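Let's work through a few exercises together. Take a look at the sequence and the 3D picture, then try each task before reading its solution.

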Amino acid sequence: MTAPFLCSAPIKYQHANYSSPRYQDTGRGSLKLQLINQRSDFSFALFSGGLSNPKLVAVSGRVTFANPKAPVYPRLAQGKMWNEMTVTWTSGYALGEATPFVEWGQKGGDLVRSPAGTLTFDRNSMCGAPARTVGWRDPGYIHTAFLKELWPNTVYIYKLGHKLSDGSYVFSQQYQFRASPYPGQNSPQSIVIFGDMGKDEEDGSNEYNNFQRGSLNTTKQLIRDLKNIDIVFHIGDICYANGYLSQWDQFTAQVEPIASSVPYMVASGNHERDWPNSGSFFGSTDSGGECGVLAQNMFYVPAENREKFWYSTDYGMFRFCIANTEHDWREGTEQYKFIENCFATVDRQKQPWLIFLAHRVLGYSSASFYVAEGSFEEPMGRESLQKLWQKYKVDIAVYGHVHNYERTCPIYENICTSKEKQHYVGNLNGTIHVVAGGGGASLATFAPINTIWSIFKDYDYGFVKMTAFDHSNLLFEYKKSSDGKVYDSFRISKNYRDILACSIDSCPSTAMAS
């Protein structure tokens, strides 16, 4: 879009002939736009002159929600303990107006109330335009409550609540979730992972950065299969607001059916964090001036420092180590030490499935832009980390950033450690690397080159699902967002002794004495 700009960005827009093709001839037409609660009234404006030279023709009366300040869009996340669930939501109630809480309890049992903390930020928290200028929109207030000492696998119901200064109450609708299993619990557990989904408009409207056309299909497939999903990981490039803040409301509304029911864990990507001279490892302007502020406030992660955004979380038989590729990960850095500690402290007898997650591809990818650099990875990506993956026998590493799907063989230092492709038995002797960045944003091409280590590629939208049936058997599936069907899969079968066994460059020193 070129000058002149509007003074502030519209929430969304449609061309007058979108549903009335003869509008230019007749001057008559109708449009349907879906509105969500964004804490203020709406008006519709008619412009002539297109996007390049807009001129205001008419403005409608105000459209008002019954309660614009109502609590909306709950987002669940794992807490810092396995038996803790956090609930984050958005409202228009400042601390002086109302006290936020969550009313919750076991289904059919007594309910209790847990207080919530409240955060917000202002325009000065943004690092640059458009987040600080035409894209700015008041974010309202973000509340987080911590539901503690949960019983494993137990279903809980909850409502978002605010006690107003006059003593009355405002509640959301009722939601429910199932508490996490005890670490090491031997029961089927299903995990969904993808990156780069973004959001899209169900009513066909346009918006700024309007290139995530696969987003709705991915969202709908997850909702359809929700009863078979225990936890979701969205590994960076969350909503692509890129400085147009209203789109965070649109995204949280889109994923509400998922995020209100199962933990929705996020990672930091370039479109959340990167901005020149802001401390990000990369100096691009991809965040649109947000420089991580929106992601850090809109979603809870169990990190020691939410600005750094790296963390670990346990779910049953899984240990997940989530890196932040927008900060330095190389050997000697604080993040490198965190990653090694995450790998080293897991009890593999109880949690045999060790998974590494990150936004940018620190492993292997055949994406055109990586191959053009001659790297098949983010520059300096795996050089430091591959010895950790190998030493601690990381099973699978999953990345976003590249908007397609690709799976490698078990690999170490560019060499496949197994010729098997579908059913791996025993020690992998390497790590399987997966790109799952086809959540919704415009697809990325593969280079016209075939490597030995690349087993499966797909230029389409999709997501991955891992199911651990027990401590010895895991099923990995890649599903397309268009139909939810499986297009690539493999199994891993192993025992604890396979994890203990030596593999390449991972054997501890031994003594000859008996």
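For sorting residues, Ala, Val, Leu, Ile, Met, Phe, Trp, Tyr, Cys and Pro count as nonpolar, Asp, Glu, Lys and Arg as charged, and the others, Gly among them, as polar. The model is predicted, so local features need pLDDT of at least 70 and side-chain atom pairs pLDDT 80 or more, while totals for chains, interfaces and linings use all residues. Residues are numbered from 1 along each chain, and side-chain values use heavy atoms, without hydrogens and water.

**Exercise 1.** Describe the lining of the second largest pocket by class.

*Solution.* Start with a pocket: on a 1 Å grid over the protein atoms alone, it is an open set of points where a 1.4 Å probe fits, with protein on both sides within 12 Å along at least five of seven lines; lining residues have an atom within 4 Å of a point. Next, find the 21 lining residues, with Lys-80, Pro-302, Glu-304, Tyr-311 and Ser-312 nearest the centre. Finally, sort them: eight are nonpolar, seven polar and six charged.

**Exercise 2.** Do the sorting for the largest pocket.

*Solution.* First, locate its 46 lining residues; Pro-10, Lys-12, Tyr-13, Ala-45 and Phe-47 sit nearest its centre.

**Exercise 3.** Which residues of helix α2 are buried?

*Solution.* Buried means under 20% relative accessible area (1.4 Å probe, protein chains only). Helices are DSSP runs of H or I, at least four residues, numbered from the N terminus. Within residues 215-224, you'll find Ser-215, Leu-216, Thr-218, Thr-219, Gln-221 and Leu-222 buried.

How values were computed. Buried < 20%, exposed > 50% of the residue type's maximum accessible area, 1.4 Å probe, protein only. Helix = DSSP H or I, 4+ residues; strand = E, 2+ residues; numbered from the N terminus.
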